[in-house]
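Subject: Handing over a structure

Hello,

I am passing a structure on to you, and my notes on what turned up follow below it. Please have a look at the model first and then read on.

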Amino acid sequence: MRNNFHGVWVAVVTPNVHGDVDNVLNNMMDKFKRSGIQGIFVLGTTGEGFLLTPKERKFYGERFVEIARDHGLDVMIHISHDHPAVVLELAEHAASLRPSAVVVTAPAHFRLDLHEVVNYFVTIAKAVDIPILLYDIPSVTGNPLTPHVLNEIFTSTNNIAGIKVSHVDVSMWEYLFYFAEKHKIALLVGVDTFCLAALTQGASGIVSGPANVFPELYVRLIRSVLERDIKQAQKCQQLINKLCNIVHHGVPLAFIKESVRILGYEVGPVRAPLRELSQQEKDVLHEEIITIAKDVAAICGTKEVRV
């Protein structure tokens, strides 16, 4: 299936504010549009999707799609849930919004055999008439998308547009490059420290949580790869690695949300059971974000990064 799922996709944080959610989202989308990203990936792990009720997920899906579309940004909606009926409910609602795609992982509680996992994805794919991205994150689901699983899924579906891959299994990545080329689908890297390696081998884009903080850095990385400026690309990847360390790779997630707040975007606190940062953690983070902001401005050619 031909696709246009390329470039940078920010795995965007979901606001948790009292009052005008649309105002917060408009400010965020302004920032993302200026940075040059392709679109946003909503209600995933960074977006606290699993900490929202189905009703809340539908509400935020609607607001993200409308406001992102107003800014010329594409949207992928994450619809995963452990209950298949809820996934189908979320999939049908998301499809009605006409996003670029819906994204789904395997269920995470039970270990599924080949027939179970294939039937799960095929059922979802046949329930909607828009592109679907498979999301392979075996460290969370315990149900990896193996070559056999992928081949069985693609035999029975025609709307799988790509795969988001959040692992660094090199042998599996080698197979995925072959598989993506064979089926003309997108291959999106979901491990920030692996971006350059994946892009130079044929990945079509990036989905990143830390990109909420400095999306322009990820855009510069992809442009450097496309321009075959490997030295510049290496500098971008090194700075991305530094950013990931500063935000603790999003664990706790409050490191990413607080970094966004430091840059002037009030997105509110994380949701329970996630914790807020201590004052000491906030103070250290503030200093580190100010420092790396200067490096990002220098490598991206921007005059100023607001802090």
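Phe154, Tyr175, Tyr178 and Phe179 come together in one aromatic cluster. For such pairs, the ring centres of Phe, Tyr or Trp (its six-membered ring) lie within 6.5 Å, and planes under 30 degrees apart are called stacked, over 60 edge-to-face and the rest tilted. Counted this way, there are nine aromatic pairs. One of them is edge-to-face: Phe41 and Tyr135, 6.0 Å from centre to centre with 90° between the planes. Phe41 belongs to strand 2 (residues 39-42) and Tyr135 to strand 5 (residues 132-136), so this pair links parts of the chain 94 residues apart. Helices (H or I, at least four residues) and strands (E, at least two) are DSSP runs, numbered from the N terminus.

Before going further, please note that this is a predicted model, where local features need pLDDT of at least 70 and side-chain atom pairs count only at pLDDT 80 or more, while totals for chains, interfaces and linings use all residues. Residues are numbered from 1 along each chain as its sequence is written, and side-chain values use heavy atoms, with hydrogens and water left out.

Phe41 is buried, at a relative accessible area of 2%, and Tyr135 is buried as well, at 8%. Buried stands for under 20% relative accessible area, exposed for over 50% and partly exposed for in between (1.4 Å probe, protein chains only). Lys164 lies over the face of Phe41, 5.4 Å from the ring centre, and the charged end of Arg57 sits over the ring of Phe50, 5.6 Å from its centre. The rule here is that NZ of Lys or CZ of Arg is within 6 Å of the ring centre and within 35 degrees of the ring normal.

Next, the backbone. Most residues other than glycine have a negative phi, and most peptide bonds are trans. Leu43, though not a glycine, has a positive phi of about 65°; this residue is in the loop between strand 2 and helix 2 (54-70) and is buried at 1% relative accessibility. His248 also has a positive phi, near 55°, but counts as partly exposed at 39% relative accessibility. His248 is in the loop between helix 10 and helix 11, and Pro252 is found in that loop too. The peptide bond from Val251 to Pro252 is cis, with omega near 0°. Another cis bond joins Ala272 and Pro273, with omega about 10°.

The largest cavity, of about 60 Å³, has Leu43 and Arg57 among its lining residues. The second largest cavity, about 30 Å³ in volume, is lined by Met28, Lys31, Phe32, Asn212, Val260 and Tyr265. On a 1 Å grid over the protein atoms alone, a cavity is a set of points where a 1.4 Å probe fits but cannot get out, whereas a pocket is an open set with protein on both sides within 12 Å along at least five of seven lines; lining residues have an atom within 4 Å of a point. Points are joined across faces, edges and corners, and the volume is the space filled by probe spheres set on them.

Enjoy exploring!
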